[in-house]
Amino acid sequence: MAAIVAVPVVGSRNVAFYVNSKPVTEEHVSAMIVDLPFDATSDHYNTRVDLADPSDPKTQYLIAGLKTEAIQRLIVMHAQSDEALRLGIIVSPSAIDTAVETYVNDHSSPDDTAEIERLRSPDVRSYIQLWATSKAYEESLTKDTTVSSDEVREYFATWGWSYTDAGGRELTFEQASARLAKDALATKKLQLISANRTLFLKKESSLVNGDTRYKQFMRWWDIMFGIQVPDSLEILQVDTGS
């Protein structure tokens, strides 16, 4: 009986939370926290907390916000992955292999064999596959997006001041028209992606469980022996923005 009970407990030791009964590991959360500052669609783009003073309250605030966004993005990615499967959007194994190699090269040095081995582990590969599937879904979502001439002019009315020549002089609409059309389209696509992520996050909110069998067992163990329960064993409060 003890062995039977131990299996689900130990099996959930590295699980951070569940989305629709599917486990999201601590490894995935940690990886997302590392990757978001390099993602142009992230609220924490270019936020390098690894270079800041960890004892600074501002840094601690940024770290907390980064973790919240990482959790939210993983919830969304799982929902997008399910939707991609429903729509027949599949990332091939060879494409995943390429993505893994790119990820390894971007996140490790050639002589760091231990880190390279970790990055090629099944858990990290599943994270990369999740990211690749999410990206494929979002590309499918926006592939037919266009902007009208009126939308480009509206974009210029808002952002025209930021288009200047080498001497710092503001460009006219005609002078900046090619860049404006490209940037207006990119902005519209980003708005569509953001709206889609918000929708999925709200839809998935009731399917998120921030507790695990391992945490439950360890909380019970600590309480039984009068040990103070550490924060790491408390139920993860998942902010789904709803």
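These legends walk through several close-ups of one predicted model.

Residues are numbered from 1 along each chain as its sequence is written, and side-chain values use heavy atoms, with hydrogens and water left out. Because the model is predicted, local features need pLDDT of at least 70 and side-chain atom pairs count only at pLDDT 80 or more, while totals for chains, interfaces and linings use all residues.

**View 1. The whole chain, before we zoom in.**
The chain holds 9 helices and 3 strands; both are DSSP runs numbered from the N terminus, with helices being H or I of at least four residues and strands E of at least two. Along the principal axes, the C-alpha atoms fill a box of roughly 75 × 45 × 45 Å. Out of 242 residues, 35% count as buried (buried is under 20% relative accessible area, exposed is over 50%, and partly exposed is in between, using a 1.4 Å probe and protein chains only). Take the contacts between residues at least 6 apart in sequence: 65% of them join residues at least 24 apart. A contact here means heavy atoms within 4.5 Å.

**View 2. Strand β1 and its two partners.**
Which way do β1 and β2 run relative to each other, parallel or antiparallel? They're antiparallel, with 4 bridges joining β1 to β2 (residues 22–25); two strands pair if DSSP finds at least two bridges between them. Look for Val15 with its bridge partner Thr25 in β2, and for Tyr18 standing opposite Pro23. The two strands make a hairpin with 2 residues between them, and Asn20 in the turn has a positive phi of about 55 degrees. β1 also pairs with β3 (residues 208–209), again in the antiparallel sense, over 2 bridges. There, Val19 has Val208 as its bridge partner.

**View 3. Inside the largest nonpolar core.**
A nonpolar core is a set of buried Ala, Val, Leu, Ile, Met, Phe, Trp, Tyr and Cys residues joined through side-chain atoms within 4.5 Å. The largest one has 36 residues, and those touching the most other members are Phe17, Val29, Met32, Leu74, Ile75, Tyr103 and Tyr127. At least two residues each come from β1, α2, α3, α4, α5 (113–119), α6 and α8. Which element gives the largest share of this core? That's α3, with 9 residues. Now pick out Leu74: setting aside neighbours within four places in sequence, Leu74 is in contact with Phe17, Val24, His28, Val29, Met32, Tyr127 and Leu130. Another core, of 8 residues, lies apart from the largest one, and its members include Tyr155, Phe173, Ala176 and Ala184.

**View 4. The largest pocket.**
About 780 Å³ of space lies in this pocket. Of its 28 lining residues, Asp39, Met77, Trp131, Ala132 and Lys135 are the closest to its centre. How is a pocket found? On a 1 Å grid over the protein atoms alone, a pocket is an open set of points where a 1.4 Å probe fits, with protein on both sides within 12 Å along at least five of seven lines, and lining residues have an atom within 4 Å of a point. Grid points are joined across faces, edges and corners, and the volume is the space filled by probe spheres set on the points. α2 (26–35), α3 (57–87), α4 (93–107), α6 (122–142) and α8 (173–204) each supply at least two lining residues, and α6 gives the largest share, 10 residues. By class, the lining has 14 nonpolar, 5 polar and 9 charged residues (Ala, Val, Leu, Ile, Met, Phe, Trp, Tyr, Cys and Pro are nonpolar, Asp, Glu, Lys and Arg are charged, and the others, Gly among them, are polar).

**View 5. The second largest pocket and Arg197.**
This pocket has a volume of about 300 Å³. Its lining includes Thr41, Asp43, Glu69, Arg73, Val76 and Arg197. α8 gives the most to that lining, with 5 residues. By class, you'd count 3 nonpolar, 4 polar and 4 charged residues there. Arg197 sits in helix α8. Is Arg197 buried or exposed? Arg197 counts as buried because its relative accessible area is 14%. Not counting residues up to four places away in sequence, Arg197 touches Thr41, Arg73, Val76, Gln80 and Glu138. Arg197 and Glu138 are 59 residues apart in sequence, yet 9.5 Å apart in space, C-alpha to C-alpha.
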